[in-house]
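Hi,

Here is the structure I said I would pass on. Have a look at it first, and then read my notes below.

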Amino acid sequence: MGNVKIRKMVQGAMIAAIFGALSIFNTYTGSMFDIFICYGMVIPLVWYSYTYRLQDGLLVSLIAMIVIMITGLPFFAISSFSSCLIGVFLGEALKRQASRGVLFLGTLSLTFFNNILLYEVFAGLLNMDLIGEMKDKLLNVNN
């Protein structure tokens, strides 16, 4: 019993440490690979959430997000938040043998939530007009 707890704790800490290293790598590469890194981050969380309880998956996601917020850029942190939620959701859905439709719609809704978070909330906090910036870019390209 104690051996399982130690293994669970060490594996969760390793996942959080890997996410921190990926966050630093993303910062050093100038955020060129942030979306690909976020897609890859889902895989260890799916495995961890499938192997252990929901509370354990959520705790590892929370710790990983704290590490990412300390080491990473704001855009990457918000994208990683979505990756953590999707990883825990998919792990639990696979454990409960959910249908493909549930997997698809759940992932789609979490991704939609991430886009709303990025383009509405984050842009509002930074006082950015995304539509105005897109129009300016298009006008500059055409001229």
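Let's start with a pair of side chains: Glu-92 and Arg-96 meet in a salt bridge, 3.4 Å from N to O (a salt bridge being a side-chain nitrogen of Lys or Arg within 4 Å of a carboxyl oxygen of Asp or Glu). Glu-92 is buried at 9% relative accessible area, while Arg-96 is exposed at 64%. Buried means under 20% relative accessible area, exposed over 50% and partly exposed in between, with a 1.4 Å probe and protein chains only.

Before going on: this is a predicted model, where local features need pLDDT of at least 70 and side-chain atom pairs count only at pLDDT 80 or more, while totals for chains, interfaces and linings use all residues. Residues are numbered from 1 along each chain as its sequence is written, and side-chain values use heavy atoms, leaving out hydrogens and water.

The salt bridge count comes to 4. Another one joins Lys-8 and Asp-56, at 3.2 Å from N to O. That pair links distant parts of the chain, 48 residues apart: Lys-8 sits in helix H1 (residues 2-28) and Asp-56 in helix H3 (residues 54-71). Helices here are DSSP runs (H or I, at least four residues), numbered from the N terminus. Asp-56 also meets Arg-53, at 3.5 Å, and Lys-8, Arg-53 and Asp-56 are linked in a network of salt bridges. Asp-56 is buried at 10%, but Arg-53 is partly exposed at 48%.

Over in helix H5 (residues 100-125) you'll find Leu-105, which is exposed at 54%.

Cheers

How values were computed:
Helix = DSSP H or I, 4+ residues; strand = E, 2+ residues; numbered from the N terminus.
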